[in-house]
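Welcome, and please take a moment to turn the model around on your screen. When you are ready, we will walk through it together, one region at a time.

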Amino acid sequence: MEKWKRSARLVDITRHLLTQPYRLIPLTTFAEQYQAAKSSISEDLDIIHEVLEAEGNGKLETVAGAAGGVRYIPSISNDNALQVIGRLCEKLSNPERILPGGFLYMSDLLGDPTLLDDIGRIFAKVFAEKPVDVVMTVETKGIPIAYATASYLRAPVVIARYDYRVTEGSVVTVNTVSGSSRRMQQLSLSKRSLPEGSRVLIIDDFMKAGGTVRGMMDLLTEFKAEVVGVGVMLEAPAEERLVEDYVSLAQVAAIDVKEKMVRVETGNAFH
């Protein structure tokens, strides 16, 4: 293959890095692929790093030594994150979304790939300093957000389920009480899905009293796992909160089912 032009090399290196966040890539890999000196690759990486940081899209982290290289750490600027959350709050404030019991219809938002990608990037920024081995959620609506977050953290996803499935093999099951309805329910997780001692980030779409999140925490104790963070897309007011330490992107500030009124504001993520 002919030697790459620098402009083409910059584009292709950027593509490699953005599609493989947190993966350490040796400089020799790029030097051999583009038939360029390591010094030239280093200059390219400096340019890419400068642009990423200037736009708030992350940074490049260089690891020195024979086993070193460069890795892309994804992020999003506070301004861009707040714009995304602002648009989310605006959509959620539509009174047509109000459901009985004070819940909001969100299925269309959870099927929006652009919004999910933005939410995943925001959660990845918020929990970037946490040592995440696994992202955990519960079926079913939390799954898209969990995968969007995990794609930026480069971590596997495990899914707790309300009903036992034979395809899961042996499972661990705990009883939990819904904080909002006070209804008893069971949560199960396959024994094969989570190694003991894993550091787990819990991600969910909605939290009222926090019974489901508390149930996932209880389930994780059976695996001797450590909960390193909890992130929810939307939180709603509750008389009793079963989870104290969590990050929310949006929160229901006021809702009146009878009057068909709802106001959703920015959550505590950037407070």
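**A walk through the model**

Ile-159, Arg-161, Asp-163, Tyr-164, Arg-165, Glu-168, Val-171, Ser-188, Leu-189 and Ser-190 line the largest cavity. This is a predicted model, in which local features need pLDDT of at least 70 and side-chain atom pairs count only at pLDDT 80 or more, while totals for chains, interfaces and linings use all residues. Residues are numbered from 1 along each chain as its sequence is written, and side-chain values use heavy atoms, with hydrogens and water left out.

Let us stay with the cavity for a moment. Rolling a probe the size of a water molecule over the atoms shows where empty space is left. Here a cavity is a set of points, on a 1 Å grid over the protein atoms alone, where a 1.4 Å probe fits but cannot get out; lining residues have an atom within 4 Å of a point. Grid points are joined across faces, edges and corners, and a volume is the space filled by probe spheres set on the points. The structure holds 1 cavity of 30 Å³ or more, and about 40 Å³ of space lies in the largest cavity. Strand β8 (residues 184-190) gives the largest share of its lining, 3 residues. Sorted by class, the lining has 4 nonpolar, 2 polar and 4 charged residues. In this sorting, Ala, Val, Leu, Ile, Met, Phe, Trp, Tyr, Cys and Pro count as nonpolar, Asp, Glu, Lys and Arg as charged, and the others, Gly among them, as polar.

Now step back to the whole chain. The protein chain has 7 helices and 12 strands; helices (H or I, at least four residues) and strands (E, at least two) are DSSP runs, numbered from the N terminus. Taken along the principal axes, the C-alpha atoms fill a box of roughly 65 × 45 × 30 Å. Of the 271 residues, 48% count as buried, where buried means under 20% relative accessible area, exposed over 50%, and partly exposed in between (1.4 Å probe, protein chains only). Among contacts (heavy atoms within 4.5 Å) with a separation of 6 or more, 61% are between residues 24 or more positions apart.

Next, find helix α2. Its buried residues are Leu-27, Phe-30, Ala-31 and Tyr-34. Seen down the axis of α2, these fall within an arc of 100°, so they line one face of the helix; the arc is that of the directions from the helix axis to the C-beta atoms. An α-helix has 3.6 residues a turn, so residues three or four places apart point the same way. What covers the buried residues of α2 includes α1, α3 and β2.

Just after α2 comes Gln-35, in the loop between α2 and α3. Gln-35 has a positive phi of about 50° although it is not a glycine, and at 43% relative accessibility it counts as partly exposed.

Which residues of α3 are buried? They are Ile-41, Asp-44, Leu-45, Ile-48 and Leu-52. These cover an arc of only 100° around the axis, which puts them on the same side of α3. They pack against α1 (6-18), α2 (27-34), β1 (58-63) and β2 (69-74). The face turned away from the buried side carries the exposed residues Asp-46, Glu-50 and Ala-54. Just after the helix, Gly-56 takes a positive phi of about 70°.

Two more backbone details are worth a visit. Most residues other than glycine have a negative phi, and most peptide bonds are trans. A cis peptide bond joins Glu-139 and Thr-140, with omega about 0°; Thr-140 sits in the loop between β5 (134-138) and α6 (143-153). Further along, Lys-260 lies in the loop between β11 (247-256) and β12 (261-266). Phi of Lys-260 is near 55°, a positive value in a residue other than glycine, and Lys-260 is partly exposed, with a relative accessible area of 40%.

Definitions and conventions
1 Å grid on protein atoms, 1.4 Å probe; cavity = no way out; pocket = protein on both sides within 12 Å on 5 of 7 lines; lining within 4 Å.
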